[in-house]
Amino acid sequence: MKNAFAIVTFSAFLSACATPAQVATSAAPAGAAAATDAPAAAAAASSAASSAATPAAKDAGKSGGAPGAASVAASPAGTPPAATLVLPNVALTSELVYRITKAELEFKQGNWQGPYITMLALAQQTRDPRLAQRGAEMAMTAKQGAEALSAIRLWRTLAPTSDEAIQFQLGFLVNQPDLREAEQVFALRLKLLEPKARPLAMFQMQQLLAHLKDQRAAFALQERVLAPYDALLETHLILAQSAFALNDAVRAHAEAERALAIKADSELAVLTKAQVAGDLEKALAVLSEFLGKYPQASEVRAAYARILVDAKQIGLAQQQFLILLKDQPDNPATLYSLGAMAMQDQDLPNAEKYLTRYIEVLADQQNSERDPAKVLITLAQLAEHRGDLAAAYRWLEQIDASDDKQYLAARLKMAQLTARQGRLDDARAQLADLQPSEGNDQAQVLLVDAQLLRDAGDVLSAFVILENANQRFPGNPDLLYEFALIAEKLGRFELMEKTLRQVMIAAPDNQQAYNALGYSLAERNQRLPEAYSLIARALAMAPGDPYIMDSMGWVQFRMGQLDEAEATLRRAYALRNDAEIAVHLGEVLFAKGDLQGARQLWQDAQRKDPQNDVLKTTLSRLNQRL
């Protein structure tokens, strides 16, 4: 149930929105040891929480109760406001400037110890906490945890009310075996802060403690530190999430109920209650009841819709997403969800409508971090499906080179679309312009080049390209599989079988290799029991694949199992309205004496694909005309 739907703990929520810490990340390099990275995590938690928008923000503004996490988002520095830092009145003498400058230059040259000692000595001499802070940053950059903690302790002594210093200190203390000092500092921090800033600090505490191995000790610490703030909504939400992480469903439920008792319209509280409910049905009931009272709760409705999807109640989920879309017509997540569900239902026009709008919305959101590449590829497929190759090409053109794999896939598909428009030379020129650095990507370019030639009828040239490609990239399953299909077209059946068996060794889970060999044997009416076994193995790997079902129906037909063949092919045709499946099913009906049913299927196949070779061969062999 923990992963059933997208309700996250406060710590995960903060991490997902985290931004680089303003001070710590400038000093601590990537890859620093855990002990020296901890203060940076604390600072990042502060920055993240201040910039995030959650249901808690809505909760804070709806009533005069305890404010939510986002109440302090206006704090410019991203940290809870504390007492104004009082700095000493120190004369900036030439000697002081010289010593600081010298220390910084030495530190820049890679020497940390001397500059560190200088900064701490000057901090003690001047009583200026900023110098102690700089010493801490130097030690963290050098991954010297003990020295960093010493500097932070001095920083705290010189600026006892500095919330930034407290956060850095906590980042180290939570990694100590004994958490008693950390607990004292957590409690002190909450006490020093103004009431409106405490919820944010609570969330930061949860984030820091979430990384501890002993989560029971962390939970007990939170209970003690939060005890004076029992009237706050956030106290019980944090305890509910932490109890749930410990698999204490009873305590988690009780804390969620306590949060709702404090603020009945809290979206975050009811989402937490749903998460700890125990199963999907209970979670749905919790959220449905809440929406009955508070229909404008968009975060709850979005979660409700996602759980309905998980519960396979797609129709009801669509209704919820449509309600969300009515209130927020340009919400990318809603548009994407509706597009995905329409695709699943084979409602291609609506899928195209929603996904097109999704791309338009992302284009208007200049700072969006969503990657549109997969949706652009899907839109290209939809356009191609309805025969608009130019539109498909335009969608693919929008995929940039930020993702090498997606970019290559788009360019390969663009070459295929060009070839389908009768411009084979232009398509091959497009492929020649692609110069991927990785071997597998180079193999894909050669594979598509061979396929273009094959589809254009130049099978021999395709064979030569693949033969050379397999020498350059031995053991590549895709190249081997395509080479086998080309060999079959040239009538080189022994080479085809040998190559397909190489694919089975290189990629034992490649169901298409088993299916291709089984179908080839069945088509040639050879070794039918072996063909049946190969196709059965492929079908076990992909039981819902209509093309493998088609192969199974065909081998059953070849073995004289007409009723079984008809049933299998009807299932395949119901899943995929494909011309070749229709031809096979028509021949089975023809063999059973149902000429009218056979002709209807063949006519359907002719409408779908007038040039289909299987249809032409079948009609000629059976001496039939449509």
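This is a predicted model: local features need pLDDT of at least 70, side-chain atom pairs count only at pLDDT 80 or more; totals for chains, interfaces and linings use all residues.
Is Tyr229 buried or exposed? Tyr229 is buried, because its relative accessible area is 14%, and buried means under 20%, exposed over 50% and partly exposed in between (1.4 Å probe, protein chains only). Residues are numbered from 1 along each chain as its sequence is written, and side-chain values use heavy atoms, with hydrogens and water left out.

**View 1. Tyr229 sits in a loop between two helices.** The loop joins helix H12 (215-226) to helix H13 (233-245); helices (H or I, at least four residues) are DSSP runs, numbered from the N terminus. Leaving aside residues up to four places away in sequence, Tyr229 touches Leu190, Lys191, Arg198, Met202 and Thr235, where contact means heavy atoms within 4.5 Å. Pro199 is 30 residues from Tyr229 in sequence, and the C-alpha to C-alpha distance between them is 9.7 Å.

**View 2. Leu460, Val464 and Leu490 make a nonpolar surface patch.** Together, these three residues have about 250 Å² of accessible area, computed by the Shrake-Rupley method with a 1.4 Å probe, and for residues only the protein chains shown count as cover. Leu460 belongs to helix H26 (residues 459-472) and is exposed, with a relative accessible area of 55%.

**View 3. Trp554 and Phe557 form a stacked aromatic pair.** The whole structure holds seven aromatic pairs. Rings of Phe, Tyr and Trp (its six-membered ring) pair if their centres lie within 6.5 Å; planes under 30 degrees apart count as stacked, over 60 as edge-to-face and the rest as tilted. For Trp554 and Phe557, the centres are 5.0 Å apart, with 25° between the planes. Both residues lie in helix H31 (residues 546-558), three residues apart, or about one turn of the helix, and both are buried.

**View 4. Phe590 and Trp602 form a tilted pair.** Their ring centres are 5.9 Å apart, and the planes meet at 40°. Because Phe590 lies in helix H33 (residues 579-591) and Trp602 in helix H34 (residues 595-608), the pair ties together parts 12 residues apart in sequence. Phe590 is partly exposed at 27% relative accessibility, whereas Trp602 is buried at 0%.

Definitions and conventions: Patches are made of residues with over 30% relative accessible area and no salt bridge: like charges are joined within 9 Å, nonpolar side chains (Val, Leu, Ile, Met, Phe, Trp, Tyr) within 5 Å. A salt bridge is a side-chain nitrogen of Lys or Arg within 4 Å of a carboxyl oxygen of Asp or Glu.
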